[in-house]
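Here is a short briefing on one protein model. The points are grouped by topic.

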Amino acid sequence: MVTVVSDIRQHGFTFIALLAALAVFSAGSLAFSALWSESVRREREVDWLRAGDAYAKAIKSHFDSSPGTVKQYPITLDDLLQDLRFAGVRRHLRRVYPDPLAPGQAWVLIRGHDGGIIGVHSSAPGRPRTQSNLPATAVVSGPIRSYSDVRFMHQPGATR
């Protein structure tokens, strides 16, 4: 009879130790996932700034290289990949970059008076961590409350 009581107490201790180990593991996993998601967010913001800047520079290149005296903005993003206004192949952008902040969604195109694309911005919800050190092509009017407040644009004659 003493042996049976001893076995029951020993199994109870193992169960409590297993629960404690599970709680410690869960807390560690939660802390790791928070650090991981913050790291992923930072990486996506770096990609967002890089891609937005690439779009603005490609739009500028397309605009500046317009033949003749009338400068034109691209009508589609594909116009940046292969500029058909020239006999040879002229590329202003290597590929169409997806919006890293809104996977599966395209960038929001900012159109000028003539219907051409003068810039892009993200449609992702949330407020960017990056509030300063934006690329020169980033145009911000007022405080940055969301990703869409940062617009990557070509502004002829603007110096920054």
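Contact here means heavy atoms within 4.5 Å. The model is predicted: local features need pLDDT of at least 70, side-chain atom pairs count only at pLDDT 80 or more, and totals for chains, interfaces and linings use all residues. Residues are numbered from 1 along each chain as its sequence is written, and side-chain values use heavy atoms, with hydrogens and water left out.

**Overall build**
- The protein has 2 helices and 4 strands, in the order α-α-β-β-β-β from the N terminus. Helices (H or I, at least four residues) and strands (E, at least two) are DSSP runs, numbered from the N terminus.
- Of the 160 residues, 30% are buried (under 20% relative accessible area, 1.4 Å probe, protein chains only).
- Take the contacts between residues at least 6 apart in sequence: 47% of them join residues at least 24 apart.

**Nonpolar core**
- The largest nonpolar core holds 28 residues. Such a core is a set of buried Ala, Val, Leu, Ile, Met, Phe, Trp, Tyr and Cys residues joined through side-chain atoms within 4.5 Å.
- Trp48, Tyr55, Leu80, Trp107, Val150 and Phe152 have the most contacts inside this core.
- Helix α1 gives the most to this core, with 8 residues.
- Beyond its neighbours within four places in sequence, Tyr55 touches Leu77, Leu80, Leu93, Val96, Tyr97, Trp107 and Val120.

**His62**
- His62 sits in helix α1 (residues 2-64). His62 is buried, at 3% relative accessible area.
- A polar atom of the His62 side chain lies 3.3 Å from the backbone oxygen of Gln72.

Key. Buried < 20%, exposed > 50% of the residue type's maximum accessible area, 1.4 Å probe, protein only. Polar contact = N/O pair within 3.5 Å; in protein donor to acceptor, adjacent residues only side chain to side chain.
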